[in-house]
Amino acid sequence: MTPDEWADSRRVLSSVSSGEAGQWRTDRTPYLRQIMQDLSPRSEVRTIAVMKGSQLGGTEVCLNWTGSSIDLNPGPALVIHPTVENAKRWSKQKLKPMIQLTPELRAKIKDSRARDSGNEILQKEYTGGFLAMGGSNSPAGLRSISVRDLTCDDFDGFAEDAGGEGSPEDLAENRQATFSDSKTLLISTPTEKGFSNIERVFLLSDQRKYFVPCVNCGEFEPITWAQIKWPQGEPIKAYCECLHCGFHLQNFHKNSMLAKGEWRPTAQSQRPGLVGYH
């Protein structure tokens, strides 16, 4: 199974970490499906850069990839956050509930209270591999281990220099040198244009954008902020103006448009195996 198929069949969302507790459904966020399929071992993609708005599911992609790998394709993995404190918070508030609510993961990762369980806040051990977590500001967490799967979450928040030992991105990617089937996931909301880590990598990629069909004319287009308009002084009446026919798309149209949407590259990737999602 690909990570999206695994999540659809086995992952349950906790009320602690999600506003919609219950069975995970990729159909709720269809734009995430292809990203997760690129993270499958069957895909030849090696690096995925996701430049996104806040609260659009980037962390869930990381969790679904992590869970499906532990369950179906175990190996050594590393998840890096801007700081060690961020990593601890993610482990406690996101990863732990997923493990507790997923029988397949509970069976593979021992309870943290068991002796020699290998289940610590920043490291989870399981047959065939382990999951390590660390901060970009702590070079000790990026050194001395080899990993196949690498996630850099909130990439724009990374320290420029990992304790005087160079770029944390380079330090982390050097951990993958011995794995020919390695994969890297870079996720972030961009910060300042021209200085953003995720923008830098995204601009080297094929720069995919999510094209959705107009409910009136059927033409596909990516939604841009320039299309969002409203009567002066009445933002509650905002609509999206179709670039092709001028139809006023309303918020209630969005779900059906997203369901029929498709990712389309808008550039030629400058690095083999690199794809980018905006």
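Start with the lining of the largest pocket: select its residues and colour them by type, and you will find 11 nonpolar, 16 polar and 10 charged. Here Ala, Val, Leu, Ile, Met, Phe, Trp, Tyr, Cys and Pro count as nonpolar, Asp, Glu, Lys and Arg as charged, and the others, Gly among them, as polar. Before going on, note that this is a predicted model, in which local features need pLDDT of at least 70 and side-chain atom pairs count only at pLDDT 80 or more, while totals for chains, interfaces and linings use all residues. Residues are numbered from 1 along each chain as its sequence is written, and side-chain values use heavy atoms, with hydrogens and water left out.

Now centre the view on Gln55, Leu56, Gly57, Gly58 and Glu60, which lie nearest the centre of this pocket among its 37 lining residues. A pocket is an open set of points on a 1 Å grid over the protein atoms alone, where a 1.4 Å probe fits, with protein on both sides within 12 Å along at least five of seven lines; lining residues have an atom within 4 Å of a point. The volume is about 1200 Å³, meaning the space filled by probe spheres set on the points, which are joined across faces, edges and corners. Show α4 next: this helix gives the most to the lining, with 5 residues. Helices (H or I, at least four residues) and strands (E, at least two) are DSSP runs, numbered from the N terminus.

Stay with Gln55 and zoom in. This residue sits in the loop between β3 and α3 and has a positive phi of about 60°, although it is not a glycine. Is Gln55 buried or exposed? Gln55 is exposed, at 76% relative accessible area; exposed means over 50%, buried under 20% and partly exposed in between (1.4 Å probe, protein chains only).

For a contrast, select Gln207, in the loop between α7 (197-202) and β10. Gln207 too is a non-glycine residue with a positive phi, here about 50°, but it counts as buried, with 17% relative accessibility.

The second largest pocket is your next stop, holding about 950 Å³ of space. Pick Leu56, Ile223, Thr224, Lys254 and Leu258, the closest to its centre of 29 lining residues. Its lining divides into 19 nonpolar, 7 polar and 3 charged residues.

Finish at the open sheet of 3 strands, antiparallel and ordered β12-β13-β14. Strands pair if DSSP finds at least two bridges between them. β12 (228-229) and β14 (248-249) are the edge strands, each pairing on one side only. Last, highlight Glu241 and its bridge partner in β14, His248.
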